[in-house]
Amino acid sequence: MFSGTDTPPAILNALANSVFVVGAHNEIVYLNQSAEQFFQASMGAIIGIALDAFIPEDSPVIALIGKVRISGNSVSQYDVPIKTPRIGEHVVTVDAAPLSDQVGSVVVTIQQRSIAGRIDRSLTHRGAALSTLLTQQPPLHRLRVPREVGGLEPAEQLERRQAHL
């Protein structure tokens with residue numbers, strides 16, 4: 001078992017993900033060290049400050065917190081863009097859950113996507129775009145070159161080459 005009164009904060013501070021609690025009035029009431037780094041401010045400077053001082057009001061993060069309050073259930077959202085002058089631009093996964101012993105409070109975790117994950121997603125999108133483009137193009141053996149332009153159809157050219165061999 002755990003001993004000491006500050007063990008739970010030590011556990012949360014060991015996590016790489018940002019964890020913070022938003023009170024009933026959207027003020028930040030707790031955050032771990034990773035969240036301090038994410039928001040680029042110390043716990044003392046953040047506690048009691050409205051979340052929209054760090055994340056825009058129209059952010060999907062704020063909307064997600066509202067969904068949790070209305071539904072009373074945990075909610076997750078992937079590929080959430082967060083862009084502010086203070087913390088920069090991030091694409092994150094956000095998990096939020098109601099804090100049962102404090103009405104209106106929500107626990108939020110933010111997992112930043114790794115560079116490898118961003119590169120992988122970029123390559124996946126690029127591959128999907130190329131695949132879509134290629135499926136819209138007719139196969140080369142079905143292309144017809146007008147005879148006036150100076151050519152035979154590609155299939156006829158192949159047949160003539162094979163006939164000469």
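# Getting to know a predicted fold

User: Leaving aside its neighbours within four places in sequence, which residues is F39 in contact with?
Analyst: Let's begin with the ground rules: this is a predicted model, where local features need pLDDT of at least 70, side-chain atom pairs count only at pLDDT 80 or more, and totals for chains, interfaces and linings use all residues. Residues are numbered from 1 along each chain as its sequence is written, and side-chain values use heavy atoms, leaving out hydrogens and water. Contact means heavy atoms within 4.5 Å. With neighbours within four places set aside, the partners of F39 are F20, I28, L31, I46, L51, F54, I55, R86 and I87.

User: Which residues touch the most other members of the largest nonpolar core?
Analyst: A nonpolar core is a set of buried Ala, Val, Leu, Ile, Met, Phe, Trp, Tyr and Cys residues joined through side-chain atoms within 4.5 Å. Buried means under 20% relative accessible area, exposed over 50%, and partly exposed in between, using a 1.4 Å probe and protein chains only. The largest core here has 27 residues, and those that touch the most other members are F20, F39, L51, I82, V94, V108 and I110.

User: Which element gives this core its largest share?
Analyst: Helices (H or I, at least four residues) and strands (E, at least two) are DSSP runs, numbered from the N terminus. At least two core residues come from each of β1, β2, α2 (33-39), α4, β3, β4 and β5. The largest share is five residues, and its source is α4.

User: What pattern do the helices and strands follow along the sequence?
Analyst: The protein has six helices and five strands. Read along the sequence, they give the pattern α-β-β-α-α-α-β-β-β-α-α.

User: In what order do the five strands lie in the sheet?
Analyst: Two strands pair if DSSP finds at least two bridges between them. The sheet is open and its pairing is antiparallel, with the order β2-β1-β5-β4-β3. Pairing on one side only marks the edge strands, which are β2 (28-31) and β3 (75-84).

User: Which residue in β5 is the bridge partner of P98?
Analyst: Strands β4 (residues 88-98) and β5 (residues 106-112) run antiparallel and are joined by seven bridges. In β5, the partner of P98 is V106.

User: And which residue in β2 is the bridge partner of F20?
Analyst: β1 and β2 form a hairpin with five residues between them, and N26 in the turn has a positive phi of about 65°. The two strands run antiparallel, with three bridges joining them. In β2, F20 is partnered by L31.

User: Which strands do the buried residues of α4 pack against?
Analyst: The buried residues of α4 are V61, I62, L64, I65 and V68. They lie on the same side of α4, because they cover an arc of only 160° around the axis, the arc being that of the directions from the helix axis to the C-beta atoms. Helix α4 (residues 60-71) packs on the sheet, with a direction at about 150° to that of β3. Its buried residues pack against β1, β3, β4 and β5.

User: Is V22 buried or exposed, and what is its relative accessible area?
Analyst: V22 is found in strand β1. Not counting residues up to four places away in sequence, V22 touches E27, L51, I65, R69, G104, S105, V106 and V108. V22 is buried, with a relative accessible area of 0%.

User: How far apart are the C-alpha atoms of V107 and L31?
Analyst: V107 is found in strand β5 and is partly exposed, with a relative accessible area of 24%. Apart from neighbours within four places in sequence, V107 is in contact with V19, F20, V21, D95, A96, A97 and L99. V107 and L31 are 76 residues apart along the chain, and their C-alpha atoms are separated by 9.4 Å.

User: What is the relative accessible area of T93?
Analyst: T93 has its place in strand β4. Not counting residues up to four places away in sequence, T93 touches Q77, Y78, D79, T109, I110 and Q111. T93 counts as buried because its relative accessible area is 16%.

Conventions: Axes are lines fitted to C-alpha atoms, for helices over the stretch in contact, and angles run from 0 to 180 degrees between N-to-C directions.
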